[in-house]
Amino acid sequence: MTGNYGWGLPIEASTFAHEMDSSLILVHISMVVIFVLWGLFFAYCLVRYRSRPGHNAVYPHHSAKHALGSFVPDVIVLAFEIWLIFIFGMPIWAHIKDSFPKPEDSTHIRITAQQFAWNVHYPGPDGKFGRTDPSLVDSTNPIGLDPKDPASADDLVVVNDFHVPLGKPILVDLTSQDVIHSFFVPEFRIKQDAVPGMMIPVWVEPTLKGQFELVCSQLCGVGHYRMIGHVKVDSPEEYRAWYNGLKQTQQEAQVKAAAAAVAAQPWE
Amino acid sequence: MNSTHHEPTFVQRYIFSLDHKVIGLQYMITSMIFLLVGFSFMLIMRWQLAFPGHPIPVIGHWLPGWIAPGGVLVPDAYNMLGAMHGTIMIFLGVVPLGVGAFGNYVLPLQIGAPDMAFPRLNMMSYWVYFMGGIVMLGSFLCPGGPAQSGWTSYAPLSVIAGSGQTVWIIGMIFLITSSLFGSINFLVTAINMRAPGLTWFRLPVFVWAQVVTAILLLIAFPVLEAGSILQLLDRVAGTSFFIPAGLIIDGVPMTRAGGGSVLLWQHLFWFLAHPEVYVLILPAMGIVAEILANGTRKPLFGYKEIVGSMIFIGLLSFFVWAHHMFLSGMKSSLAKGFTTTTMIISVPSVAILTCLILSLMGGSIRYRSPMLYALGFLPMFGIGGLTGLPLGFTVTDIYLHDTYYVIGHFHYVVVTGSLIALMGGVVYWFPKFYGRRMNECWNKIHFWLTIIFMNGIFFPMFIQGIAGVQRRLYDPTIQLHNVIVQPTNIFMSASALCLMLTQSIFVVNFFYSMFKGEKTEENPWQATTLEWACPSPPPHGNFTSLPTVYRGPYEYSVPGRSTDWWPQNASN
């Protein structure tokens, strides 16, 4: 995993990561060009117009040509920005933040952030998320999933470490239980705040297998720095095996827990 | 002025003074102390960032146990120091220095007024600010420590935080009130008390900057005051302005009516805090304009363009706030509107910078110390402005938002930009304050070391931001993607320590020169504006006779005259 990172941008691991990187590089090249041209002129002025014997300042005679000339940098910057934002940028922004894949064509999950963990809720084969209720939240049920709801029977809830299959987009419904968090996977070049009281859709399509760090980028309290999850991108087969294996383990544990609860009740 | 008055006592003259100059100097000394306090908080945090989990050397064992048990900073304390660093630097340091100190001292002098319009309100403004500062620092005595939800205090984190946050809000209400008193006073003074002949377009750029700043403070701050009171009610009265239903805090469902909006706080906060950015930068631009005209010995290029751009910036600054919120969950089409307004506001900023640099052309540049700070401002503010581009551009902001790139960007604007210019202002007007000048050689040494170390701190932040390092992390090395660029943190922390040591040059120079500096005449920089037409330091009431203004503010090197400066008040 450390190999994903370096002194520059992390590796590109999503379909839009390359577009993002081209945008970053384009903007930075233009910034450097503007700064260097400007800096050269600045340095020239500092030397050329230094105070020295025999050199006097020139009282300017206002000419319209001069004044108009000062607008040249403005016009260039404005034209560049208009092109950057409207022609180049808006389609990319719309692609990332406005046009979501259909839930049935994607790995549709719900992520509920909390201090200081990521709860990932899979709807299971029926594609329906079971009902959740804040009053049902406890240490074994971090999102308050209602076991009585039939839609929740095939659901799976995992904390922090979760898997997704390669080859189709992930559609995340993002929310939070307590304070604002922010969903950030550097390799995917995606970031979105998780806001309590709101369900915000985010999508990303991974292009590489492997494990990626999911970190919180909005200050969320004392454990902000250690609120780390891991997204594991598997082949579809590996993903299915992981999902089914984990589902089975959880069900067995639930049965055991239920049996233990019954045994513990003396009046039965 | 009023001969029936008895001789003022020490307390009346230096503590509860009604004189705008004393109040300005009170603001100056207080805000510089707060700048050092805010900076020292950051030094503690920077040690933790460079060497996570290692005991802080030297001072570690003097810190109380709840901040650094065994000398190692704890995560709570890191968040507290971070929140207080931001709050102190902005609201108690840079704004009071740029507006309270320079505005108070220089604005009445530059318009030829004997004092501010409302001297008592002016005194109250300072003392309310001072109280706000005491309340902010006093929040360290709260059980659980001071505010720890960042200077932005995003709800619901701030609503569920400990009692320090309540004290933070009360402190903010003091500071906001003080700013409102100040801004009303500045506006009334600038509108009503200009010397005869001093028309609006003969005003120095600095006065314009203060007028626009005062309007921004007057309109933007009440919104934050209202927001702060709503947050206070959420905290102490159990209301739900910023709290939605169904929150589960620490595994316990919150018993509140809910129905509030988390994003509402962000809208209210940034509606102030974006204009606030221009409150931080406009006075600095005004100072740079004054020093540049004086140091190049020629009129500023495009005086009207600069003034018009400042007014335009002031107006537009109310329509860009949500560019801090592209990823907050607000409607993504709103982002398109705000990225457009953000693009438009860059135009007047570029215009001002262009005019300032074109002012160098045809000049005869005297490289004296105030000029170094003013010239240093130009490229540094340039970097700050340019790095705003990928943040205001929605696409790249998705990656860079809430990373160190943002921190680098605004520190280039506020520290290497504003603060450098404000230091230049101190050096430039010091002879007016005390009738003596600061040591030129030490000023130059201070300037160069400061610029070098500031860049040493802030430039690596862009490298970190590109690598994806998020802000506000107590221990960045826990996350794998931060590990490779970790050496930059050691470099930045070393630069920060050196920057702190460098400031001692300035502090010693400041206080030594106050008493022992080389004595100067009334107008040591051979400047044209009115503040140099009164004695140094000016007596109570400022001018021996009220000046009349005959011409624009920067009549340098006018052909056919024996001297290369032509004061605004000289009748021939």
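Q: How far apart are the C-alpha centres of domain 1 and domain 2 of chain A?
A: They lie 41 Å apart. The model is predicted, so local features need pLDDT of at least 70, side-chain atom pairs count only at pLDDT 80 or more, and totals for chains, interfaces and linings use all residues. Residues are numbered from 1 along each chain as its sequence is written, with chains lettered from A and ligands numbered from 1 in the order in which they are written.

Q: What are the bounds of domain 1 and domain 2 of chain A?
A: Domain 1 is 10-50 + 61-97 and domain 2 is 103-263. Such bounds come from an automatic or database domain assignment.

Q: And how many residues does each give to the contact?
A: Eight come from domain 1 of chain A and 11 from domain 2 of chain A. Two residues are in contact if their C-beta atoms, placed from the backbone, lie within 7 Å. On the domain 1 side, six residues are nonpolar, two polar and none charged. Nonpolar here covers Ala, Val, Leu, Ile, Met, Phe, Trp, Tyr, Cys and Pro; charged covers Asp, Glu, Lys and Arg; the others, Gly among them, are polar.

Q: Switching to the two chains. How many residues of chain B are in contact with chain A?
A: 85 residues of chain B are in contact with 79 residues of chain A. On the chain B side, α10(B) gives the most, with 14 residues. By class, that side has 48 nonpolar, 26 polar and 11 charged residues. Helices (H or I, at least four residues) and strands (E, at least two) are DSSP runs, numbered from the N terminus.

Q: What about the largest nonpolar core, how many residues?
A: It has 250 residues, and B:Val288, B:Ala289, B:Leu300 and B:Phe377 have the most contacts inside it. A nonpolar core is a set of buried Ala, Val, Leu, Ile, Met, Phe, Trp, Tyr and Cys residues joined through C-beta atoms within 7 Å. Buried means 20 or more other C-beta atoms within 10 Å of a residue's own, exposed 12 or fewer, and partly exposed in between, with C-beta atoms placed from the backbone.

Q: Which helix supplies the largest share of this core?
A: α8(B), with 22 residues.

Q: What is B:Val288 in contact with?
A: Leaving aside neighbours within four places in sequence, B:Leu356, B:Ala374, B:Phe377 and B:Ala421.

Q: Last one: how does β4 of chain A run against β10(A)?
A: Parallel, joined by five bridges; strands pair if DSSP finds at least two bridges between them. A:Pro165 has A:Asp234 as its bridge partner in β10(A).
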